[in-house]
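Please consult the sequence and the model shown here.

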Amino acid sequence: MKKILLFVPIILFLASCSSTSPKKAKEQGESKVLLQRFLSKSRFLDNGSSVRIFLSIDIDRTFTLAEASKDFVISYNLYPDYSAKQNSLNSGNVSITADNASQEGGLLTVWFDISKPKDLLTGLALTEIKDLRTGNKIFNDCFLRFQSGKVGDYFMFYDKTGKTPLARNYFTVQDTVVLKSLSDKQQTFKVFKYRYDFEAAISPMSTTPRAASKSLFVDSSFTVTSNKPFVLKSDALYYFTRDTTESYGIGMVVADKRFPKMTRPEKLVRPLIYVSTNAETSDLYNSRDPKRSLDNYWLNIMQGNQGTAKRTIKSYYQRVEQANRLFTTYKEGWKTDKGMVYIVMGDPTRITRTKDKEVWTYTRNSQYSEVNFTFTRRANQFADDHYELQRYAEYQSIWFPTVEQWRNGDKI
């Protein structure tokens, strides 16, 4: 039986706008990109003499592609790296048409090509997105590899027609997808399916070294051929590789049909670990009647106030859903470090990103003036966007009062 190790150790780095304390610190001068909220994500595929960027924008309103083409202005600049943003190598505007855009719910995905510069191995595409209807402007940064051996830089998933790109790490049971490259190269992939219930993120205050790496054991395996549709028949962690000796393949989480929403009581109790005591978590996780335990839990912490309980439940699980949508990697988004911080703390005031770090800054709260949460990108064979939180015991003065706000029904 094939065995694969999932490496998830903690490493401490200096943040781009925080010192070894989570509180506000003088900026260190490291090059960084300032972003606003979680409104966009991006990835790229190699396209021969160019790279194709897939930009996904979360739009908080209903829209058609025709409306999006009028409401949004998209432009980009290509830089050698994060430290050379004054030296643009290339720039351009991106039109939104039926040929380079798709819509999935409130998500707009736009793709465009950027020519590869000569003599560069990597680059940074910084895209500006203007919403003319609201006046908002956001930036998205996409780190590019112009010469790469990673299979995920050449292949990605499309819908069953093979025409609409699906630039995400999760799918649902019975989805039909196509794995393909922009060159339409035919490639056979070995697919390994792992059944493993990953644990939720540990507390931001826990500075104890993590346990040894988890060992994953293959539940089953099969082969697929690129450019041909196949059905995802069961929920699991899937891993696609051209060669079993490859260090990095393509991972995906396949969940139930409701995902990224969570609706079943036995699943709804799981994310409550972030706002519950150890005793409450044990009761919820081990209950034989999760529906009753879930109802009793919310009524108890809200002291029987059903109206407050309903509002808090709605707000909490909206964040859980969004965490799943935004941060799913090799495990559901709510279980990741980013998902945990997002669920409890909400959208940061600003995001600062470098090549391998991301800093979320929260300001203007009665409990603190400013606090930073620093995430470090870690190598992971299943996902290219796996980040781990830099933990501090000092977070407890911020974390516990925020959790208490949830438990009092004040965090809505």
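The sections below treat the basis of the model, a strand residue and the helix contacts.

## Basis

The model is predicted: local features need pLDDT of at least 70, side-chain atom pairs count only at pLDDT 80 or more, and totals for chains, interfaces and linings use all residues. Residues are numbered from 1 along each chain as its sequence is written, and side-chain values use heavy atoms, with hydrogens and water left out.

## Val 177

Strand S13 (residues 176–181) contains Val 177; strands (E, at least two residues) and helices (H or I, at least four) are DSSP runs, numbered from the N terminus. Val 177 has a relative accessible area of 1% and is therefore buried (under 20%, 1.4 Å probe, protein chains only).

Leaving aside residues up to four places away in sequence, Val 177 touches residues including Phe 157, Leu 166, Lys 228 and Phe 230 (heavy atoms within 4.5 Å). Lys 228 is 51 residues from Val 177 in sequence, yet their C-alpha atoms are 8.3 Å apart.

## Helices H5 and H6

H5 (residues 306–327) packs against H6 (residues 337–345) at about 150 degrees, with axes 9 Å apart; axes are lines fitted to C-alpha atoms over the stretch in contact, and angles run from 0 to 180 degrees between N-to-C directions. The two helices are therefore roughly antiparallel (over 145 degrees).

Residues of H5 in the contact include Tyr 316 and Phe 327, and those of H6 include Tyr 342 and Met 345.

## Helices H6 and H7

The axes of H6 and H7 (residues 396–408) come within 9 Å and cross at roughly 60 degrees. Among the contacting residues are Met 340 and Val 344 of H6, and Trp 399 and Trp 406 of H7.

How values were computed: Buried means under 20% relative accessible area, exposed over 50%, partly exposed in between (1.4 Å probe, protein chains only). Angles under 35 degrees count as roughly parallel, over 145 as roughly antiparallel, 65 to 115 as roughly perpendicular and the rest as oblique.
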